[in-house]
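The exercises below concern one protein chain. Each sets a task and then works through a solution in steps.

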Amino acid sequence: RQREEMGLARVTGEELEKGGIIDVVAVSQEDEPNTWMVKAVVESLPSVEGAEISISATTGTKIAGEMSQTITAPGEVIWIPVTVPNEVAEITVTRSDNGAASLITFQQFDLNGEWVGTYTFTDMTADQEAIQNQVPSGGSSGSIEEGCASGAGIAAVFAILEQLKGKPIPLTMDITADMEAGTGQAVVTIDISGLDLGEGVTMGEPEPQTIPFTFEGQVLTFQLEQQEGQTSTMTGTLNRKSDTWVIDGVIKSVGAGWSMTAEFSVVQQE
C-alpha cells in the first residue's frame, strides 16, 4: 500500500524472496596470480531507498575501490582487483536492506591426482592447396594424428578432425605436481577410439602423453613438444565451482596453411 501511495508497482512474492538474497562469484584473473574479480548480483531490490552493498575480507586480502557501494536498482556490484595472497581466506559481501550475505572461502588446493573431463575441437582452418602434401609428425596432437593411416597427409587428418569438431571427447589427466616449486607433469589421455568417424576409419587405443607444466596462481602453462613448422600452446585456469576444483583450458596449434583450436575442461576426482 505504501508503494502504491508513492506511485510504485506492488512487490510480488518472487521479488520479496529474491530481495532476501545476494549471490557472489569470484573469477580468477589470468594475467595476475592470486587476483580475482568479485561480483555481487542483486536480482531484486524491494526498498525504494536502495541498498548498500559492502565487502569485507580476512586480514591480508587487498580490495581495490570502495568497500561499500550503493545501488538503487537490481544489478551487479564489482570489485577488481581483489588480491588473496593467503592460502586460506574468506570474503563476505552483505546487503544493508535486510542483512543478507554471501561468503566465499578460498582454500589451499592440491593439483595432484586424477582429473576427468572432455576435450573439444572448436575451430580449425586449412588451406587445402598449402597442406595437401604435408605429412603429420605427431607431437602435441600426436595421439590423434598418429592414429591415422600411415603416410596420410595433413589434409586427411583435417578431414577426420572436421568430423570431431564440436564433439566432446573423453579426456583424463593424471597430475603430479610440486606445489611449492610450481611445477609438475600431466599424463594426458584423449580417447577417440569409441567415436564414429565414418565408414572405413578406425582409431586404435589412445596413447597417453606426458606433458610438463608450470603454474602460478590459478594459471597452468603446459610445455608442449614443438614440431618443425608448427607452434602449439596449451594453458589452463584453475577455478573452484560448487564443491569441486575445475581446470578449464585452451590448446592452439598453427602450422603452414592451417590452424586448430580446442578447449578442455577437467574436474578433480576425490
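The model is predicted.

**Exercise 1.** State how many salt bridges the structure holds, and describe the one between Glu4 and Arg10.

Solution. 
- Step 1. There are five salt bridges in the structure. Side chains of opposite charge can pair when their charged atoms come close.
- Step 2. In the salt bridge of Glu4 with Arg10, the N to O distance is 2.7 Å.
- Step 3. Glu4 has 41% relative accessibility and is therefore partly exposed. Arg10, at 57%, counts as exposed.

**Exercise 2.** Describe the salt bridge between Glu14 and Lys18, its position in a helix, and the network that includes both residues.

Solution. 
- Step 1. The closest N and O atoms of Glu14 and Lys18 are 3.3 Å apart.
- Step 2. Helix α2 (residues 13–18) contains both residues. They are four residues apart, about one turn of the helix.
- Step 3. Glu14 has a relative accessible area of 51%, so it is exposed. Lys18 is partly exposed at 31% relative accessibility.
- Step 4. A network of salt bridges links Glu14, Lys18 and Glu43.

**Exercise 3.** Is Ser44 buried or exposed, and which residues is Ser44 in contact with beyond its neighbours within four places in sequence?

Solution. 
- Step 1. Ser44 sits in the loop between β2 (35–42) and β3 (51–57).
- Step 2. The relative accessibility of Ser44 is 6%, so Ser44 counts as buried.
- Step 3. With neighbours within four places in sequence set aside, the contacts of Ser44 are Glu15, Lys18, Gly19, Pro74 and Arg95.
- Step 4. For Glu15, a polar atom of the Ser44 side chain lies 2.7 Å from the backbone oxygen.

**Exercise 4.** Give the strand order of the four-stranded open sheet and identify its edge strands.

Solution. 
- Step 1. The order is β5-β3-β7-β8, with antiparallel pairing.
- Step 2. β5 (68–71) and β8 (101–106) each pair on one side only, which makes them the edge strands.
- Step 3. On average, neighbouring strands of this sheet are turned by 15° against each other, direction ignored.
- Step 4. β8 pairs with strand β7 (residues 89–95) over six bridges in the antiparallel sense. Across this pairing, Ala89 stands opposite Phe106 in β8.

**Exercise 5.** How many bridges join β14 to strand β13, and how many join β14 to strand β15?

Solution. 
- Step 1. Strand β13 (residues 219–222) is joined to strand β14 (residues 230–241) by four bridges, and the two run antiparallel. Thr221 has Thr235 in β14 as its bridge partner.
- Step 2. Between β14 and strand β15 (residues 244–255) there are twelve bridges, again antiparallel. Ser232 has Ser253 in β15 as its bridge partner.

How values were computed. Residues numbered from 1 in each chain as written. Predicted model: local features only at pLDDT ≥ 70, side-chain atom pairs only at ≥ 80, totals over all residues. Heavy atoms only, no water. Buried < 20%, exposed > 50% of the residue type's maximum accessible area, 1.4 Å probe, protein only. Polar contact = N/O pair within 3.5 Å; in protein donor to acceptor, adjacent residues only side chain to side chain. Contact = heavy atoms within 4.5 Å. Salt bridge = Lys/Arg side-chain N within 4 Å of Asp/Glu carboxyl O. Pairing = 2+ DSSP bridges. Axes fitted to C-alpha atoms, helices over the stretch in contact; angles between N-to-C directions.
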